[in-house]
Amino acid sequence: MVLGGGGADGTGCELGGRDAAMDAALQALYGGAGDKEGRRQGQGQGRERTAGLGGSAPAVARWLGDIRTYFPSSVVQVMQRDAIDRLGLSALLLEPEMLEAVEADVHLVGTLLSLNKAMPETTKETARAVVRKVVEELEKRLSTRTRATLTGALDRSARVSRPRHHDIDWNRTIAANLKNYLPEYRTVVPERLIGYGRASQSVKKEVILCIDQSGSMAASVVYASVFGAVLGSMRSLNTRLVVFDTNVVDLTEQLDDPVDVLFGTQLGGGTDINRALAYCQSQISRPAETVVVLISDLYEGGIRDEMLKRVAAMKASGVQFVTLLALSDEGAPAYDREHAAALAALDAPAFACTPDLFPEVMAAAIEKRPLPIPDTAAA
């Protein structure tokens, strides 16, 4: 707040009512109480303001209620993240009363997953309810468009040589018959028709999602788990979901419930991309019909050269290989630029992807056409 909470702030104007309550909520988080250096400076100037969230769950729960009263949901989520980061409130999220008071979002889910192993039994059910609420909201937002986009891509990728008239792919048909052009009639004789196939109930494509579960990838893990469940529900896709740090865990059996997938992850730890790709490579039986999606910031702790050799080998066998530095709305991520450049040299460019763009990326990979890489993507 520009004016501050009292005359001692130098403006001569005191806030009252709702404005004073909003200022107190902001001061508790961003004022000197959350900053030891700020407190020392305030004491030196003789005007330390009393604020802060204290160390108890009831105090934090009251503050959470206040900010939900005074600020819109988008602002509440930012303030919650700042409170966890600035004031070290992660431990309080292990208490059911706290979890019932927070505004649930992707970032909170990431924090809960990182605390999963330390979470007492009395809190786990509440935590699962919070995570499920976020997951269901994401599925509702993302599933319809994802299924529609990928169903269309699967239809177009299943080309047939004797299509019905309304299934003819005229662009490809003309390109394939240009040698039959008759200049006197200014037309092309289509000796060979190419058409769109219609996706049947049989499996058309294999998809392997390989997800880095290091701490910096929390939001990406959440979104990837939701998309994994959506892809896993499509009969024309055989979807496998693999998470890794220095170990590799196959969570495919839990794909029908993304909440189970998320609680099967363990955020934090090291990173061994080479080991994860070795496992994924061992699961490929139809290379030409397989899409491998590596979601990682590429900070490799394993054998770099072996990792790159595996990517090159998979691509040479016909696998469509996609590298996403992040799958989130968080903007440009930190990533290993040297590894990203090495992958780009293998014609496997690495780039950050938003959840809204992900269906288009997968559709392009399924159809074996150039990926819709954002202009701000890594080189």
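# Close-up views of a predicted model

**Figure 1. Confidence along the chain of this predicted model.** In the protein chain, strand β6 (residues 290–295) has the highest confidence, with a mean pLDDT of 98, while helix α2 (residues 36–45) has the lowest, with a mean of 37. The chain as a whole averages a pLDDT of 81, and 81% of the residues score at least 70. Over residues 33–51 the pLDDT stays under 50. For that stretch the model has 21 contacts beyond four places in sequence. Where pLDDT is low, the predicted coordinates should not be read in detail.

**Figure 2. The largest nonpolar core.** This core has 62 residues. Leu93, Leu112, Val293 and Phe358 are the residues with the most contacts inside it. Helix α7 (residues 121–157) gives the most to this core, namely 10 residues. Another core, of 25 residues, lies apart from it; Leu277, Cys280, Ile284 and Leu308 are among its members.

**Figure 3. The surroundings of Leu93.** Leaving out residues up to four places away in sequence, Leu93 touches Ile84, Met98, Leu99, Val102, Leu108, Thr111, Leu112, Leu115 and Thr123. Both Leu93 and Leu112 are listed with the residues that have the most contacts inside the largest nonpolar core.

**Figure 4. The six-stranded open sheet.** The strands follow the order β5-β4-β3-β6-β7-β8, and their pairing is mixed. β5 (248–250) and β8 (350–353) stand at the edges; each has a single partner strand, so one side of each is left without a neighbour in the sheet. From one strand to the next, the twist averages 25 degrees. β6 pairs with strand β7 (residues 320–327) in the parallel sense, over five bridges. Val293 has Val322 in β7 as its bridge partner. Val293 is also one of the residues with the most contacts inside the largest nonpolar core.

Figure 5. β3 (residues 205–212) is mostly covered, with eight of its eight residues buried. In a regular strand the side chains alternate between the two faces of the sheet. β3 pairs with strand β4 (residues 237–244) in the parallel sense over eight bridges. The bridge partner of Leu209 in β4 is Leu241.

**Figure 6. Helix α9, residues 218–232.** At 1.5 Å a residue, the 15 residues of this helix should span 21 Å. The C-alpha atoms at its ends are 21 Å apart, which agrees. Of the 15 residues in α9, 14 are buried, and the helix is therefore described as mostly covered.

**Figure 7. Asp272 in a loop.** The loop that holds Asp272 runs between α10 (258–263) and α11 (273–282). Asp272 has a relative accessibility of 17%, so it counts as buried, the cut-off being under 20%. Residues that Asp272 touches, not counting those up to four places away in sequence, are Phe244, Asp245, Thr246, Glu300 and Gly302. Asp272 and Gly301 are 29 residues apart along the chain, and their C-alpha atoms are separated by 5.2 Å.

**Figure 8. Helix α14 and the residue that follows.** α14 (residues 358–367) is mostly covered, with nine of its 10 residues buried. The buried residues are Phe358, Pro359, Val361, Met362, Ala363, Ala364, Ala365, Ile366 and Glu367. Just after α14, Lys368 takes a positive phi of about 60 degrees.

Notes: Residues are numbered from 1 along each chain as its sequence is written. This is a predicted model: local features need pLDDT of at least 70, side-chain atom pairs count only at pLDDT 80 or more; totals for chains, interfaces and linings use all residues. Side-chain values use heavy atoms; hydrogens and water are left out. A nonpolar core is a set of buried Ala, Val, Leu, Ile, Met, Phe, Trp, Tyr and Cys residues joined through side-chain atoms within 4.5 Å. Buried means under 20% relative accessible area, exposed over 50%, partly exposed in between (1.4 Å probe, protein chains only). Helices (H or I, at least four residues) and strands (E, at least two) are DSSP runs, numbered from the N terminus. Contact means heavy atoms within 4.5 Å. pLDDT is the predictor's confidence in each residue, from 0 to 100. The expected span of a helix is 1.5 Å times one less than its number of residues. Two strands pair if DSSP finds at least two bridges between them. Axes are lines fitted to C-alpha atoms, for helices over the stretch in contact, and angles run from 0 to 180 degrees between N-to-C directions.
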